[in-house]
Amino acid sequence: MSAILQEPMPFVRAMRADDVAPVMQVETRAYSHPWTEGILRDCLRVGYSCWVCEVGDDIVGHMVMSIA
């Protein structure tokens, strides 16, 4: 019998205020002109649609959406 190792599956969920620090780590590695922590907190505060992608216990991506 062979064993099949399963990688953790990506999981998308709503961003919380306590996610801002790990999101900032992704943001600063991904962009040459990253958003600030204040911008992300303001997006959460005013109700933009903010999401994170987790793999295991790690946040590996994020998105902020606004309908205009």
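This is a predicted model: local features need pLDDT of at least 70, side-chain atom pairs count only at pLDDT 80 or more; totals for chains, interfaces and linings use all residues.
Local features need pLDDT of at least 70 and side-chain atom pairs count only at pLDDT 80 or more, while totals for chains, interfaces and linings use all residues. Residues are numbered from 1 along each chain as its sequence is written, and side-chain values use heavy atoms, leaving out hydrogens and water.

A search of the whole structure turns up six salt bridges (a side-chain nitrogen of Lys or Arg within 4 Å of a carboxyl oxygen of Asp or Glu). One of them pairs R13 with E54, at 3.0 Å from N to O. This pair ties together distant parts of the chain, with R13 in strand β1 and E54 in strand β2 (residues 49-55), 41 residues apart. Strands (E, at least two residues) and helices (H or I, at least four) are DSSP runs, numbered from the N terminus. R13 counts as buried at 11% relative accessibility, and E54 is buried too, at 16%; buried means under 20% relative accessible area, exposed over 50%, and partly exposed in between (1.4 Å probe, protein chains only). R13 and E54 also belong to a salt-bridge network with R16, D18 and D19.

Helix α2 (residues 37-46) holds R41, whose salt bridge with E37 has its closest N and O atoms 3.1 Å apart. R41 and E37 sit four residues apart in helix α2, so about one helical turn separates them. R41 is partly exposed at 35%, as is E37 at 39%. Setting aside neighbours within four places in sequence, R41 is in contact (heavy atoms within 4.5 Å) with A17 and V20.
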